[in-house]
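Please keep the model open beside this note while reading. The points below can be checked one by one.

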Amino acid sequence: MSGYAEVGGAMTPDEARARFRGGLRVPTAGLCPGWTQANLLVVPRAYAYDLLLFAQRNPRACPVLDVGDEGAVQTSIFRGDLRTDLPGYVVYEDGVPVAELSDVTAFWRADLVPFLFGCSFTFEDALVRAGVPVRHLEAGSNVPMYRTGIPCRPAGALSGPLVVSMRPVPASLVAMAVRVTSRYPAVHGAPIHVGEPEELGIRDLKAPDFGDPVEIRPGEVPVFWACGVTTQAAAMASGVRFAIGHAPGHMAITDARDSDYNAGVITGNSAN
């Protein structure tokens, strides 16, 4: 069940983080409308430059919103505790997920550098207000995410596939969805692909790699946006010795506003 359906969306970031710190574990789509959500990836200092370069080379999938100091548990846009104030985390060792937790305090180290990347949940409120349906919100489920056959540009020790999120959109509203989301380049911007998933190397929309499948109704087409889980896919593909990420769909709710990232401009449609 989605966070919105279970606990209601009209909370402040502080209120939501307190609920997560108390043990609530739900996807965050629809929670705290108007407040920016972010992907989290925390890596040792030895990987931090490579991750920053990877993000610079793949900005559509990995738009950097903030980077914390070494050992920090906050950033300038996240005034909670990054160890406890997300609803779910994944711990990686040698690129393998070894634990899914609601508190990673025991795993936090002084040499870790936290990165926050843009999340497409940020523009979903704008899509709904423009009359574009968002199916996983309607269904009370997590957004479906897929590894593609498109390789990202590598950087140092990091390489891996582009990950995308998918939302079914009525054909008559695809242009509107493009216009709305293109105003948010810092949180993935316009779709990278509309239509046939096979062109992205996705074989079965009913079997997402992350999140939950959603219904595609007659007259709708699948629309794909670059996804910040790309950074975790790179950590897995590259065998990163240690990392902590958010559980896909269980985002960091920041103290920044969605309007902070509304550029009001149309951006290009390249995958990277």
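1. Cys32 lies in the loop that runs between helix 2 and strand 1. The model is predicted, and in it this cysteine has a phi near 50°, a positive value in a residue that is not glycine. Most residues other than glycine have a negative phi. Is Cys32 buried or exposed? Cys32 counts as buried because its relative accessibility is 0%, and the cut-off for buried is under 20%.

2. Asp94 sits in the loop between strand 3 (89-93) and strand 4 (96-101). With a relative accessible area of 53%, Asp94 is exposed, since the cut-off for exposed is over 50%. Cys32, in contrast, is buried at 0%.

3. Now take helix 2, which covers residues 13-21. Which of its residues are buried? They are Pro13, Ala16, Arg17 and Phe20. Seen down the axis of helix 2, these buried residues fall within an arc of 95°, so they line one face of the helix. The cover over them includes strand 1 and strand 11. Just after helix 2 comes Gly23, with a positive phi of about 115°.

4. The two strands named as cover also pair with each other. Strand 1 (residues 35-44) and strand 11 are antiparallel and are joined over three bridges. Strand 11 spans residues 252-257 and is mostly covered, with five of its six residues buried. In a regular strand, side chains alternate between the two faces of the sheet.

5. A separate item is the open sheet of four strands, in the order 6-7-9-8, with antiparallel pairing. Which strands lie at its edges? Strand 6 (145-151) and strand 8 (193-194) do, as each pairs on one side only. Strand 6 is joined to strand 7 (residues 161-170) by four bridges, and the two run antiparallel. To locate this pairing, look for Tyr146, which stands opposite Val164 in strand 7.

6. Glu124 belongs to helix 4 (residues 124-129). Glu124 counts as buried because its relative accessibility is 1%, where the cut-off is under 20%. What does the side chain of Glu124 make a polar contact with? The partner is the side chain of His136, at 2.7 Å. Setting aside neighbours within four places in sequence, the residues in contact with Glu124 are Ala29, Val134, His136, Leu137 and Arg167. One of these, Arg167, falls within the residue range of strand 7, 161-170.

7. Helix 7 (residues 230-237) is largely enclosed by the rest of the structure, because seven of its eight residues are buried. The buried ones are Thr230, Thr231, Gln232, Ala233, Ala234, Ala235 and Met236. Ala237 is also found in this helix. Not counting residues up to four places away in sequence, Ala237 touches Ser159, Gly160 and Pro161. Ala237 and Val96 are 141 residues apart in sequence, yet their C-alpha atoms are 9.0 Å apart in space. Just after helix 7, Gly239 takes a positive phi of about 65°.

8. Last, the chain as a whole. The protein chain has seven helices and eleven strands. Its radius of gyration is 17 Å, close to the 19 Å that the globule rule gives for 272 residues, so the chain is as compact as a globular protein of that length. Along the principal axes, its C-alpha atoms fill a box of roughly 50 × 40 × 35 Å. How many of the residues count as buried? Of the 272 residues, 58% do.

9. Two further values complete the description. Among contacts in the protein chain with a separation of 6 or more, 79% are between residues 24 or more positions apart. The accessible surface of the protein chain comes to about 10500 Å², and 51% of that belongs to carbon and sulfur atoms.

Notes. Residues are numbered from 1 along each chain as its sequence is written. This is a predicted model: local features need pLDDT of at least 70, side-chain atom pairs count only at pLDDT 80 or more; totals for chains, interfaces and linings use all residues. Side-chain values use heavy atoms; hydrogens and water are left out. Buried means under 20% relative accessible area, exposed over 50%, partly exposed in between (1.4 Å probe, protein chains only). Two strands pair if DSSP finds at least two bridges between them. A polar contact is a pair of N or O atoms within 3.5 Å; within protein, one must be able to donate a hydrogen and the other to accept it, and residues adjacent in sequence count only if both atoms are side-chain atoms. Contact means heavy atoms within 4.5 Å. The radius of gyration is taken over C-alpha atoms; the globule rule is 2.2 Å times the number of residues to the power 0.38. Accessible areas come from the Shrake-Rupley method with a 1.4 Å probe; for residues, only the protein chains shown count as cover. The arc is that of the directions from the helix axis to the C-beta atoms.
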